[in-house]
Amino acid sequence: MSVGIEAMNVFGGTACLDVNALAQRRKLDSARFQALLMSEKSVALPYEDPVTFGANAARPIVDALSEQEKSRIEMLITCSESGVDFGKSISTYLHHYLGLSKNCRLFEIKQACYSGTAGLQMAVNFILSQVSPGAKALVVATDISRYMIADGDNEPAEEWSFAEPSAGAGAVAMLVSDRPQVFQIDVGASGYYGYEVMDTCRPAPDLEAGNADLSLLSYLDCCENAFLEYKKRVHDVDYARSFQYLSFHTPFGGMVKGAHRTMMRKMTGAKPAAIEEDFEQRVAPGLTYCRRVGNIMGATALLSLASTIDHGDFRNPARIGYFSYGSGCCSEFLSGIVRHESQSTLKQLKIEQRLGERHRLSMEEYDYLLRGNSQIKFGTRNVKVDDGAIPGARRQKNGAKHLILKEIKDFHRQYEWAS
């Protein structure tokens with residue numbers, strides 16, 4: 001049977017920052033910064049958190065369903081390393097504010113940046129099992145980076161370095177069913193590969209740590225070996241010819257470019273000029289949104305997939321190879337088919353237009369947010385959230401309502417749909 005993504009949407013927040021301005025302010029090495037291949041990053045405002053990002057990504061998908069179709073959402077999986085509670089899943093918040101049926105499984109997956117792919121595969125296998133024919137699953141990968149500096153400080157901690165320009169905020173929501181109008185999974189065509197490595201981690205809820213060089217090496221190792229495992233399961237696969245496009249987990253564009261270069265050398269023996277041409281043709285379309293949103297952890301590979309579908313040429317059906325990596329680590333290479341109607345379906349959500357409508361933060365506004373982020377950090381018991389901190393960000397050009405965080409009262413987060 002056919003299975004995959006029926007509908008898909010990206011929410012890249014309501015505010016963004018020009019990372020070139022950030023690099024100049026932080027006095028980052030120009031050559032190293034240019035290698036990131038970043039232009040903007042989404043920034044979470046005080047009234048935005050993983051719940052609001054996830055709900056705002058999912059709402060257009062849910063609103064487009066009939067009541068009968070909506071009632072068939074029987075599984076809601078949230079995928080995040082930015083949970084707001086050590087026990088309670090943020091899927092319960094999304095379930096409530098999206099008004100879904102109470103006959104629904106609710107749970108959360110954590111495996112660093114691999115979590116969104118894990119959620120997708122779990123949903124795919126639920127549909128394939130046919131234990132509830134016609135059921136749908138809603139998978140929401142949502143993650144944010146919320147950097148902090150203390151009042152009176154003029155500069156952030158030195159260890160932020162090049163991580164700050166690439167760290168974004170956002171969510172990707174997917175409706176998974178037996179009507180894969182956006183992305184039809186090649187069932188059984190996947191290779192997974194993982195092992196214990198301390199490349200990056202969150203040893204505390206609001207702290208990122210790790211070894212950037214080790215993370216790069218682990219990413220490259222997993223990319224190669226996940227593909228080789230895929231190759232064992234799928235007859236006559238060729239890295240250069242079997243996939244019209246490639247979507248990668250994208251911590252930053254330069255990392256993807258390096259991984260693709262390594263794969264082309266090892267798998268095909270291609271020369272530099274041919275590798276560069278292939279990168280621009282098959283990989284670059286998947287970087288368009290990633291360059292504008294930044295690394296959104298569990299949702300980043302899916303963000304690349306959405307970017308590929310929106311910017312590729314699908315006048316004829318095309319196969320996309322998809323690589324997902326999560327630190328710690330787990331990885332997977334899978335594939336699927338995209339058709340002309342897939343692109344038409346996704347473009348109705350106007351993802352690129354919505355990214356263009358974000359409020360562009362000044363560096364002064366950005367630094368103001370860094371100083372205020374400690375008020376809503378993980379474990380906050382009571383706070384009333386200032387939803388007017390950055391007035392320009394609240395003026396929605398499309399008139400749509402967004403879920404915002406209003407208050408935390410005895411640890412319980414309270415939200416509302418607001419214009």
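Student: Where is Met297 in the chain?
Tutor: Met297 sits in the loop between α11 (288-293) and α12 (300-311). Keep in mind that this is a predicted model.

Student: Is Met297 buried or exposed?
Tutor: Met297 counts as buried, because its relative accessibility is 4% and the cut-off for buried is under 20%.

Student: What about its backbone? What is the phi of Met297?
Tutor: Phi is near 45° there, a positive value, and Met297 is not a glycine.

Student: Why point that out?
Tutor: Because most residues other than glycine have a negative phi.

Student: New topic. Which peptide bond is cis?
Tutor: The bond from Gly328 to Cys329 is cis, with omega near 0°. Most peptide bonds are trans. Cys329 is in the loop between β12 (318-326) and β13 (330-338).

Student: Now helices. Which residues of α15 are buried?
Tutor: In α15 (residues 363-372), the buried ones are Met363, Tyr366, Asp367, Leu369 and Leu370.

Student: How are those buried residues placed, seen down the axis of α15?
Tutor: They fall within an arc of 155°, so they line one face of the helix.

Student: What covers them?
Tutor: The cover over the buried residues of α15 includes β2 (15-18), α1 (19-25), β3 (40-42) and α7 (163-166).

Definitions and conventions. Residues numbered from 1 in each chain as written. Predicted model: local features only at pLDDT ≥ 70, side-chain atom pairs only at ≥ 80, totals over all residues. Heavy atoms only, no water. Buried < 20%, exposed > 50% of the residue type's maximum accessible area, 1.4 Å probe, protein only. Helix = DSSP H or I, 4+ residues; strand = E, 2+ residues; numbered from the N terminus. Arc of directions from axis to C-beta. Contact = heavy atoms within 4.5 Å.
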